[in-house]
Amino acid sequence: MSEWIREQLVLEWPNLWAARNWIVPASLLGGGVFFLVIWAYRQAEVPRWLKISCALCKTVAVLLLAAILVEPMRSESKPTPGANLFAVLADRSQSLQLVDPGESSSRAELLKKRLNREADWQVRLGQDFDVRRYEFDRQLFPVADFEEYAADGEASSIVTSLVSVADRYSRQPTAGVLLFTDGNATDFSETAVDWSESPPIYPVILGNEETATDLGVRRVTATQTNFEAAPLTLLAEIEGQGFSGQSVLVELLDEKNETLQTRTVADIQDEQVFSVRFQVQPKQRGVLFYQVRVRPESEADAFSDPETSSEATLLNNHRMVMVDRGRGPYQVLYVSGRPNWEFKFLNRALAEDDEIELHGLIRIAKREPKFQFRQKDSNANRIFTNTDDEGKEQVEQYDEPVLLRVGRLDPGELSGGFPKSADELFGYHAVILDDLEADYFTQEQKSLVQDFVSRRGGGFLMLGGMESFAEGDYHRTPIGELLPVYLNGAKQLPEQKEYTLALTREGKLEPWVRVRSTQLEEQKRLDEMPSLRTLNPVGALKPGASELSVVNTRQGEKRPALVTQRFGKGRSGALLIGDLWRWKLYQDSPDNEDLEKAWRQTIRWLVGEVPQRLQVETVRKVSDPNRPVEITAEVNDENYKPLDNAKVTIEVTTPDGEQLTLKAEPKQALSGLYASSYVPRNPGMYRAKVIAHHPDGSEIQQSETGWVSEPASEEFLTLKPNREFLETIARESGGEVVNLADLDQFVRTLPEREIPVVEPKVHPVWHKWGVFLLAVGLLVGEWGLRRWKGLA
């Protein structure tokens, strides 16, 4: 039979008979001999077990010899040498420098011994496959061998490297991927990867499950207001292993490595995250950096002399955080219908705050007729002679209120009264109206105030008074529309007008509404407040509005006192009390600063989220192996509409003081958005100044931002191998987890697995000495049994 025919038969029937024309003669011969043997031993007078044994030996021997006549063949599939690719990936991130408990060598040293190209598993792998070798840390790069392998990378892009290999060889037969890693990837993303589309992945897990002794700062977050004078809260999450029951020292340092605060945490527990809180009051504006550092209390020299440390690594004992404290100063426009105590205490509360500038416009006299006396060459006075409607309009043009401008005003600012254009009004961050009727404003000014909140994103607050809310005829006006309460359907106020202030559940949850630090102190503060006597009645709250405080009447009725809501891009509030000044005027102690604090917190809330013409945001692209920082700038024109043709440059200062300039390009065809990406090359603090210009070159605004690059802290976030992740990708891709010590055995079994390109291997069973010797042995055994029992 030809080799070609034989191979085709092998592909369809792995076990077959090569000399098929001998099947019938061999069957007849075997069958005839079988019956003769049965008949012969049936006639013999010997024990039954002997009959069966001798008959079985002779029958099997004859059948084997008969089978040899039809040339039995055995076939199997083997990988075609060099036809299939097999990728070997070695993680070279610095987390492999760890020495596991019970080991004298690091993970990287143990791995490098097994990566020797002369190792048995590499030699055998090269015989069957086209082996492609790679190393990866932040990026994937090919290598001829692993002789120069060193675990000094600053990242572990496991996901990106595997996806890259799968894409690179998607059109070529790939038998699998052998992955050497501890599984602690630094490129996890929210986008799920379909590992079933990948070649089989065989992870070799480096490191053992026993956790080394270590302290690590997992995360540091900053909570702040937008003001320089407000406290900054830093929260550090720390985890320890091997220090159960001991005390640790947690330090807060500034960017010059000077210690600001220290906390001691006693009796920590293994593998339990604990939090440490710091509160600081920055003394400067702009972009600031803070560092949280932890060490065992008993190891005072751990950072100065790392050899004295008992920890597996000190690279995860510290983390930095960036804080932006440079958004002010904020400008607040206060407009009042008459001089009052409220402005006095508000102005006093904000006088020493460098982050807020209060600009006041106070009416000290309403409109009064301005008479023009008759001249010699004139007719009678038009005011007295014109009594029709046209005359009334002419009289009205002479009526002007008397306004007092107060505050740190620029020359000419507010000289014409309340702003009449967006250019004037949109320069402020918040507007406060106090006891001022709606007719004071023109229709255009009322619409302008609404645009100030909805489109510019400003803050708006109306205070209670004789001519505020419904009493000021704001119903069905643009200003009334942005209020968080309806002005129609108001209930009549009780005759006994004395009210006590109380916080609602929502109010207690808002930090800016509370004045004291604890609930008991806050309740005591409310109980000691004097009774209030001026309240504006309103209707129901609008959908989405939040009632933060109420007043209680003597009849037990609750009326809204402080209500807020979002309106467009901004926020609006209604303080329905008109005599909050009584709180200060009738307090027991002159040193009590509760009212001043309440005013400061209220104004800070009012301007806290007001956008600038230049808004800057930095986002770290975690899914990208290079982990670039994308700097996005949102640029608006004078009317706070997106500016499409702006020029945006970014000046970046690196940790070593080097400066470079980036040009931001329009982002994804989105109006007013510009972006540029930067890949940090060195660990440390980065600062960036973003400058936006008009097309004519005039500057719009500048803004500062910053970020922190800490690849080591992210790399050593956990010291245990991520077995769960590696088992998942192995299972979903059709591979399996391999032990480092079992590499040789694993490679030997690879040809038995499913391989893309294989070739058949045919083995003649009949052409084996073992088969022939078995047949002869059976015949000799049968003859020996007969001679033993004396049979012929």
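Which exposed residues sit on the face of H14 turned away from its buried side? They are Leu520 and Asp527. Exposed means over 50% relative accessible area, buried under 20% and partly exposed in between (1.4 Å probe, protein chains only).

A word on the basis: this is a predicted model, where local features need pLDDT of at least 70, side-chain atom pairs count only at pLDDT 80 or more, and totals for chains, interfaces and linings use all residues. Residues are numbered from 1 along each chain as its sequence is written, and side-chain values use heavy atoms, leaving out hydrogens and water.

Helix H14 spans residues 519-528, and its buried residues are Glu522, Arg525 and Leu526. They lie on the same side of H14 because their arc around the axis is only 95 degrees, taken from the directions from the helix axis to the C-beta atoms. Helices (H or I, at least four residues) and strands (E, at least two) are DSSP runs, numbered from the N terminus.

Now to the salt bridges, each a side-chain nitrogen of Lys or Arg within 4 Å of a carboxyl oxygen of Asp or Glu. The count comes to 34; here are three of them.

| Pair | N to O distance |
|---|---|
| Arginine 285 – glutamate 355 | 3.3 Å |
| Arginine 338 – glutamate 467 | 3.3 Å |
| Arginine 363 – glutamate 467 | 3.9 Å |

Arginine 363 in strand E16 and glutamate 467 in the loop between E19 and H12 are 104 residues apart. Arginine 363 is buried at 4% relative accessibility. Shared partners join Arg338, Arg363, Asp435, Glu437 and Glu467 into one salt-bridge network.
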